[in-house]
Amino acid sequence: MLPPAVRIYAVTNIKGGVGKTTTAVNLAYLCAAGGCPTVLWDLDSQGGATFALRGEEQSGASARKLLSGKRQLPELILATGYPGLDLLPADFSYRNFAVQLAQRKHPTERLLRMSGALREIYGALFLDCPAGISLLSENVLRAADVAIVPLVPTPLSLRMLVQLRDFIEREGWQDLKLLPFFSMVDRRRSLHRELIAEARAQFPQMLTTEVPNWSEIERLTVRRAPLAAVAPASPAAQLYGQLWGEITARTAAVEHAGATSSVGAGDHAAQPPAH
Ligand SMILES: Nc1ncnc2c1ncn2[C@@H]1O[C@H](COP(=O)(O)OP(=O)(O)OP(=O)(O)O)[C@@H](O)[C@H]1O
Ligand SMILES: [Mg+2]
């Protein structure tokens, strides 16, 4: 019998600068802190998540080598120093990931197949995705169980969400749970309030937690650590805790092939690493 599958959470949006990396780092930390062995794969050649978790590029870990099978994902795992949380660091070659994928057989399934090598090690895999729509993003959605989509309240964001929902429906990926939430919200702005109300009416699956535009969250790029690790009592850390609680509640029903068996295996509370 196959070991339990790893549950895959993709943090994705066509738009750049909406909070994908911030979300991926904070939620992956919380997932690990909850006792689920977790790995975050930084798929963005910019390496934002790798930087935030103080990781470094691995030599010889190009997209081409991974896709050809010369390197396997488990060889590239780095410990973050936080219990239960590992990192698959970004590589600059990832900027050509889509081109490399296009040269392979079954190009839309490669990521899913590659993630199979992680199933004996982890209960959860977070994918921090680059902005844009490409063969890589299609791979990500094909592989994912949950698509977490941070949305800045603008009319274009809503249009993108409609396109994404229609695309998932057309592909017939019924098991993929689409979980959008509002990010960088400024409730003092009437346009933000109006767009959020409209989106909530149109998308009942929209998460209720909203992440405001706060400098405390922005400062994470300087602190290079998840919020809950450095300031667990802060309002921002509490907010990500609430977001994660909502996601776990909504995905409790997404049971695929016994994915829960490794969840809750440990009782280790995550501590900040000694950086
Ligand atoms: N809620 C927030 N409030 C204020 N600043 C934020 C918030 N979330 C993220 N930021 C800041 O906004 C910038 C973009 O965030 P982030 O890198 O998480 O977005 P991204 O969607 O991953 O961007 P990219 O598409 O470039 O990968 C960063 O400087 C980050 O610190
Ligand atoms: Mg990013």
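How do the residues of the shell around ligand 1 divide into nonpolar, polar and charged?

Tutor: The model is predicted: local features need pLDDT of at least 70, side-chain atom pairs count only at pLDDT 80 or more, and totals for chains, interfaces and linings use all residues. Residues are numbered from 1 along each chain as its sequence is written, while chains are lettered from A and ligands numbered from 1 in the order in which they are written.

The shell around ligand 1 holds seven nonpolar, 10 polar and three charged residues. Here Ala, Val, Leu, Ile, Met, Phe, Trp, Tyr, Cys and Pro count as nonpolar, Asp, Glu, Lys and Arg as charged, and the others, Gly among them, as polar. The shell has 20 residues, the closest being Gly16, Lys20, Thr21, Thr22 and Glu218; a residue is near the ligand if its C-beta atom, placed from the backbone, lies within 6 Å of it. Two or more residues each come from H1, strand S7 (177-185), helix H9 (215-218) and helix H10 (220-223). Helices (H or I, at least four residues) and strands (E, at least two) are DSSP runs numbered from the N terminus. H1 gives the most to this shell, three residues.

Contact means C-beta atoms, placed from the backbone, within 7 Å.

S1 and strand S5 (residues 124-128) run parallel and are joined by five bridges; two strands pair if DSSP finds at least two bridges between them. S1 also pairs in the parallel sense with strand S6 (residues 146-151), over three bridges, where Val11 is partnered by Ile148. Five of the five residues of S1 (residues 7-11) are buried, so the strand is largely enclosed by the rest of the structure. In a regular strand the side chains alternate between the two faces of the sheet. In S1, Arg7, Tyr9 and Val11 point one way, and Ile8 and Ala10 the other.

S1 is also among the elements that cover the buried residues of helix H6, along with S5 and S6. The buried residues of H6 (residues 135-143) are Leu136, Ser137, Asn139, Val140, Leu141 and Ala143.

The sheet itself is open and mixed, with eight strands in the order S3-S4-S2-S5-S1-S6-S7-S8. Its edges are strand S3 (78-79) and strand S8 (210-212), each pairing on one side only. S7, which also contributes to the ligand shell, pairs with S8 in the parallel sense over three bridges, and Phe182 stands opposite Glu210 there.

Terms used
Buried ≥ 20, exposed ≤ 12 C-beta atoms within 10 Å, placed from the backbone. Contact = placed C-beta atoms within 7 Å.
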